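Hi,

Here's the structure I said I'd pass along.

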Amino acid sequence: MEKDCLFCKIIKGEIPSTKVYEDEFVYGFKDINPAAPIHILVIPKKHIDSLSCITDEDEKYIWNIHKAMNKIAEEYGFKQNGYRVIVNCGKDSGQEVMHLHYHLLAGMKFGEKIV
Ligand code: 5GP
Ligand code: ZN
């Protein structure tokens, strides 16, 4: 855990958040500024700066994040209609919070595709 990291503080409960999911490795909560009707941030309970920093030791976090996203999709009823996952990584992507996070977006039909 990093002392000055916003998302580490959220995991520890020092900053309030609307929790939607939690297990041993993963924390999921509502984005404060949603870009879709459902916008959840799914993060590892270990401080990892960004996707470009992951190591073999982080495998369990990455795997459990992916499992958690499917569980959330099922629980919140958008698994069938689908969802979009975005990970901003580094300066050019516009990543603002330097604690790895997966944006889980759902509840609308996404018109614009970049890829
Ligand atoms: P990034 O641009 O780094 O990929 O995404 C950071 C995300 O964190 C943004 O979507 C932003 O709305 C969200 N965010 C920033 N500060 C907070 C906060 O204090 N609480 C919550 N729930 N979300 C936050
Ligand atoms: Zn952190």
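Before anything else, keep in mind that this is a predicted model. I'll start with the largest pocket, which has a volume of about 400 Å³. Its lining is made up of 19 residues, and Phe7, Asp31, Ile32, Leu41 and Val97 are the ones nearest the centre. Two elements, H1 and S2, each give two or more residues to that lining, with H1 making the largest contribution at three residues. If you sort the lining of the largest pocket by class, you get eight nonpolar, eight polar and three charged residues.

So what takes up the space of the largest pocket? That would be ligand 1. There are 16 residues around ligand 1, and those that come nearest are Lys30, Asp31, Asn88, Glu96 and His101. Asp31 is a name to remember, as it is listed both among the residues nearest the pocket centre and among those that come nearest to the ligand.

- Lys30 uses the backbone: one of its N or O atoms lies 2.9 Å from a nitrogen atom of the ligand.
- Glu96 also uses the backbone, with a polar atom 2.7 Å from an oxygen atom of the ligand.
- His101 uses its side chain, where a polar atom lies 2.8 Å from an oxygen atom of the ligand.

As for how covered the ligand is, ligand 1 taken alone exposes 520 Å², and the protein buries 82% of that.

Which elements supply at least two residues each to the shell around ligand 1? They are helix H1, residues 6-12, and strand S2, residues 26-30. H1 has the largest share of this shell, with three residues, and H1 also has the largest share of the pocket lining.

The residues that line it are Arg84, Ile86, Glu112, Lys113, Ile114 and Val115. How does the lining of this second largest pocket divide by class? Three of its residues are nonpolar and three are charged, with no polar ones.

Cheers

Terms used: Residues numbered from 1 in each chain as written. Chains lettered and ligands numbered in written order. Predicted model: local features only at pLDDT ≥ 70, side-chain atom pairs only at ≥ 80, totals over all residues. Heavy atoms only, no water. Near = heavy atom within 4 Å. Polar contact = N/O pair within 3.5 Å; in protein donor to acceptor, adjacent residues only side chain to side chain. Areas by Shrake-Rupley, 256 points an atom, 1.4 Å probe, with all protein chains shown as cover. 1 Å grid on protein atoms, 1.4 Å probe; cavity = no way out; pocket = protein on both sides within 12 Å on 5 of 7 lines; lining within 4 Å. Sits in = over half its atoms within 2 Å of the grid points. Helix = DSSP H or I, 4+ residues; strand = E, 2+ residues; numbered from the N terminus. Points joined across faces, edges and corners; volume = space filled by probe spheres on them. Nonpolar A, V, L, I, M, F, W, Y, C, P; charged D, E, K, R; others polar.
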